[in-house]
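I am opening a notebook on this structure and will write down, entry by entry, what I looked up. The sequence and the model come first, and my notes follow.

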Amino acid sequence: MIKLTIDNRTVEVEKGTTIYHAAKKLDIDIPTLCYMNLGDLKIEHKPGGCRVCVVEVEGRRNLAPACATECFEGMVVQTHSIRVLNARKTVLELILSDHPFDCLICAKSGNCDLQDMAIKMGVRSIPYQGEKSTYKPDFSPAIIRDMDKCIMCRRCETMCNDFQTVGVLSGVNRGFEAVVAPAFERDLDHSECTYCGQCVAVCPTGALTEVDHTTQLIRDLADPAKKMVVQTAPAVRAALGEAFEMEPGSLVTGKMVAALRRLGFDYVFDTDFAADLTIMEEGTELLDRLTRFLDGDKKVKLPMLTSCCPGWVNFFEYHFPDMRDIPSTARSPQQMFGSIAKSYFADQINTKREDMVVVSVMPCVAKKYECTREEFSVNGNPDVDYSISTRELAMLIKRSNMDFNRLPEEDFDQPMGESTGAAVIFGTTGGVIEAAVRSAYEIHTGKTLKKIDFEQLRGIDGIRSASVDFDGIEINIGIAHGLGHARKLLEDIKAGRSDYHAIEIMACPGGCVGGGGQPLHHGNPAIIKARQKAIYREDAGKPIRKSHENPAIIKLYEDFLGKPMSEKAHHLLHTHYFDKKQKDVLLD
Amino acid sequence: MHMLVCGGTGCRASASDMLFDNLKKELQEQGLQDEVQVVTTGCFGFCEKGPIVKMIPDNTFYVSVEPGDAKEIVAEHVVKGRRVERLLYVDPVNKKQIADSKGMGFYKKQIRIALRNCGLIDPENIYEYLAADGYEAMGKVLTEMTPEDAIQEMIDSGLRGRGGGGFPTGVKWQIASKVSADQKYVVCNADEGDPGAFMDRSILEGDPHSVLEAMVINGYCIGATNGLIYIRAEYPLAINRLKIAIKQAREYGLLGKDILGSGFDFDVEIRYGAGAFVCGEETALIHSMEGERGEPTFKPPFPAQSGYLGKPTNVNNVETFANVPVIYNKCAKWFAGIGTEKSKGTKVFALAGKINNVGLIEVPMGITLREVIFEIGGGIKDGKKFKAVQTGGPSGGCLTEKHLDTPIDFDNLLAVGSMMGSGGMIVMDEDDCMVAVAKFYLDFTVEESCGKCSPCRIGNKRLYELLEKITKGQADKEDLDNLRNLCMVIRDTSLCGLGQTSPNPVLSTMDNFMAEYIAHVEDDRCPSGVCKDLIRYEIIPENCVGCTACARNCPVNCIAGERKQLHTIDQSLCIKCGACLEKCKFNAVAII
């Protein structure tokens, strides 16, 4: 242990502790801007770049960044001496001097770490005015980059390179012109970006935001000729409350349904319905591959990988195109929903697909891209017209003069609002595979599960593995969240080192609960874990907890699809993947 | 007889390679090719008067030799034994010709350790290096000394890093030696980025084996078998000579497996940099070698703990390495006997600016700035008055008259607000505006900042803008306060040495030349007549004879006047290029 003094108080810390963390032990909150620590998710970003966290260390020539400087025995630290306060404020003024002053109309206003810091430091003028950096805004199908607002904290780089190993974003140019950008400063659309949105999730300013579909939605809601259908992903209900000052982990399913109805949607449905459908298709596919594999069919590819996550789909299309026959061909729940809504349900309500607008509310920004994929449209009409994030929904609710906290709890509409606990857990890492196991086990063995909860599949570690006994057959299951972890599993498969039968992959930390479209966690990983807990709570409270028991799904197969993996199901619920490595990113 | 022809980049730019060919041809024609050897050497340092040809054994030192002079040199000096008088150096003070370089003020006070072989041996011929005691130190260390003893010798010598930091070399080696790892690296920092400094290039061009030899010794001391030389790609000649040297050393078993039968393996590879100033900082250099963006990271961990590819790495600068073999050949005590109490040995400086003898010099630590500038440098050009000297490259400070008798060493320069840096030394005269000088250096650091930390990325830009405001006469006194505050904060908060020192030119000029800042701010006046927005050119009626020279040379035709009539300048059109002042022979144009 090391003993040191911070602001004239003594504290003991372990060797290797930084000044920042030592100060925390004394409830001294040293301000930071670029620093980010996502605890259990094992993402620590401390480039020591912003220099806002500088403190005075006795005997040291210059000020030390608290986030990166390790404590030593007998260290004497001042965190708010006049020298520190002046330096900290000057540094902040410098950062602000190269930042647009359009806070009033910025997408991040009120939710911006830089704005908070300016308030905290009491900045009232910028003595150092001068040239500001300007860049061409970059509009991709999912993410908008407005680099005029970049403060070079490089958090996005850490997420993109270290956590996701996608490697699209990095610092380019030197000095005042330095900025984070894809190679050759090309657009995201001409890069290998997976649109996972983790850069957006950690950006402290308005430099990285999602494409905004709220205006389009308001316009469509006002059009009487349009049948408005909305679906909400499981992770949304576990996070939306945060936007209304509720505790992280508050479940707001009923209020969310009420709000959507009041916004003017004709049908408020649940993506969970489609998640149950996904399990039917994906689970059947898994059982089919497994049976053939066990029967010695050499052509069968195992392990089978999940395909619900659009960021992940993009990832393997770019980085492992030669392995694109491994993931399940099942479409994601969002797309299965759109496909069924615009066929089966449209028929039921005698509406042409052109007159129906299917909107999804997602914890994700990659979903915005997913619904623009050509294969998910019929004669140019997309199955899902567009997707809004949890954040966009929160903003719409606020704009529509609703007091969210006082809304009544309402139920989803039928038939596509019916879902099971298995579908709810799609929202967290390990959930999809647990849902699949619940159904696959019962379908395969013909036995009823004694215990529905598969604790061995739950958790927050980046890579997890477990075996499930399918009545004498050990099924090895792998789980990864974060594309960097996915890469490891894929490389193992490629090298023949993998003995998994099925693998679940989610691009975002914690799965969809930590998605790029969720209310910002501002670097607090406890929020993601609270949402995860809420998801399991919702599952536990559901009367039906296995997808194949969802009566609406059973009816859907009876009335419309036939059986899982039928020709019709193939046509409507399955997809194929592309080799995007061939896409020449250097050509416009 | 030997004829040494400078083959450094500077002299080659003035066609010394053609001169070399011509000398050979002439000798051939005279049938003297076997009696007289023509040798291409590294830089002599006296770049002001290159190309240089030195005759051995009589030490005749020919300056500004052109390829066409080859015939005369051979015909006169070689055949007839008569010096070619017109090619001899003329002392700028007493106007006397000096034939022997030893008699030149430029060389008198120099002690050449790092540059010992530059201008003496053929860098592309390993035999010449071997003949100059080359690889003897390596042999001694590898076969007679333990790594511990060798490190101790280095510590005892007192050698400090010549790249700018001044960290004791032996101690650095000791730290790296004590970290255990399966692989360690020795890195030679040849990313010389200070504008105007070229000692590293000259050493690599003139004596590449000395660096290779030192790297092997370093590897033996710390337990590394891999050496990497990080060199900027715009040093093609140095790279070429290094490649030749590495190839030759391998052929002679001086690099590679089981060197000299000692059982010690060591080999060297070259890595190229794209010429970013910040890559001279060791962590940035290592990231660049790893293929990452060349920007520094926080220390600790130091490279000695976790460097190239996460392995313990010792980084030393070219000049530091060049000193190493001599220390083992002559012993630590000898080396420690040169210099001052805390700075031992010599330092190479690149003398530049308004000085008579521009070039590369190596002087003992403790020599005064006055000796360097007025004796070695031959004083200020055109009889002008000395104003300031900037040491330490773009982030050093500007020192004045009152510092001239300061003995130069690491600590003294820091104490007076400048630094040793890698050894740039730029002399300024009365015509230089110190605000403009500070702005000039800031322009460089703004360009070369990596952009990682906010104070350096944005702060230096704002410093530059404030200086620009001052030189345009648009600043007020509050700007001066802001300027100083910004300097202090950038120095106090920047991540690496670049930002921590970039305000030095501003702070030192504010400390030493505040009156000039005040004149710009309060009187809208540039006392040196440099800042264009604050000056105007006027014709002095009593001196003007109406020769029309000014009008004829004005690029914007803003001077009117008939022959033998008084001329006038139209201020609204004048672009203040100064052509009129330059062309006027009657002192009739003045800066107001």
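Before I start on strands, I note that two strands pair if DSSP finds at least two bridges between them. I also remind myself that this is a predicted model.

**Entry 1: a strand in chain B**

I began with strand 7 of chain B, residues 185-190, and looked up its partners. Strand 7 of chain B pairs with strand 8 of chain B, residues 226-232, in the parallel sense over six bridges, and in that pairing B:V186 has B:G227 as its bridge partner. Strand 7 of chain B also pairs in the parallel sense with strand 10 of chain B, residues 313-317, here over five bridges, and B:V187 has B:V315 as its bridge partner there.

Next I asked myself how many of the residues of strand 7 of chain B are buried. I found that six of its six residues are, and I therefore count a residue as buried if 20 or more other C-beta atoms lie within 10 Å of its own. The side chains divide by direction: B:Y185, B:V187 and B:N189 point one way, while B:V186, B:C188 and B:A190 point the other way, and all are buried.

**Entry 2: two sheets in chain A**

I then turned to chain A, where five strands form an open sheet with mixed pairing, in the order 2-1-7-5-6. Strand 2 (9-13) and strand 6 (64-65) of chain A stand at the edges with a single partner strand each, so one side of each has no neighbour in the sheet. Helix 2 of chain A, residues 82-97, lies across strand 5 and strand 7 (76-78) of chain A, and it runs at about 155° to strand 5 of chain A.

I found another open sheet in chain A, made of three strands in the order 8-9-12 with antiparallel pairing. Its edges are strand 8 (138-139) and strand 12 (208-210) of chain A, each with a single partner strand, so one side of each is again left without a neighbour in the sheet. Strand 8 of chain A is joined by two bridges to strand 9 of chain A, residues 143-145, and A:F139 stands opposite A:I144 in strand 9 of chain A.

**Entry 3: two helices in chain B**

For a pair of packed helices, the description consists of the angle between their axes and the distance between the axes. I looked up helix 7 (residues 147-157) and helix 8 (residues 169-178) of chain B, whose axes come within 7 Å and cross at roughly 150°. That makes helix 7 of chain B roughly antiparallel to helix 8 of chain B, because angles over 145 degrees count as such. Among the residues that meet are B:P147, B:I151 and B:M154 from helix 7 of chain B and B:V171, B:W173 and B:Q174 from helix 8 of chain B. I sorted the residues of this contact into six nonpolar, five polar and no charged.

**Entry 4: the cores**

Which residues of the largest nonpolar core touch the most other members? This core has 354 residues, and the ones I was looking for are A:V55, A:V229, A:W312, B:L23, B:V211 and B:I217. Leaving out residues up to four places away in sequence, B:I217 touches B:A137, B:M138, B:V141, B:A150, B:V324 and B:Y328. A second, separate core of 13 residues includes B:C554, B:I569, B:C580 and B:A588.

**Entry 5: two single residues**

Is A:E455 buried or exposed? A:E455 is found in the loop between helix 14 (431-445) and strand 20 (463-470) of chain A, and it counts as exposed because it has 10 C-beta neighbours inside 10 Å.

B:S288 has its place in helix 12 of chain B, residues 282-289, and B:S288 is buried, with 22 other C-beta atoms within 10 Å. Not counting residues up to four places away in sequence, B:S288 touches B:G273, B:C279 and B:G294.

**Entry 6: where the chains meet**

Last, I looked up the contact between the chains, which takes 30 residues from chain B and 30 residues from chain A. On the side of chain B that touches chain A, helix 18 of chain B gives the most, with eight residues.

Terms used:
Residues numbered from 1 in each chain as written. Chains lettered and ligands numbered in written order. Predicted model: local features only at pLDDT ≥ 70, side-chain atom pairs only at ≥ 80, totals over all residues. Helix = DSSP H or I, 4+ residues; strand = E, 2+ residues; numbered from the N terminus. Contact = placed C-beta atoms within 7 Å. Axes fitted to C-alpha atoms, helices over the stretch in contact; angles between N-to-C directions. Core = buried A, V, L, I, M, F, W, Y, C linked by C-beta atoms within 7 Å. Buried ≥ 20, exposed ≤ 12 C-beta atoms within 10 Å, placed from the backbone. Parallel < 35°, antiparallel > 145°, perpendicular 65-115°, else oblique. Nonpolar A, V, L, I, M, F, W, Y, C, P; charged D, E, K, R; others polar.
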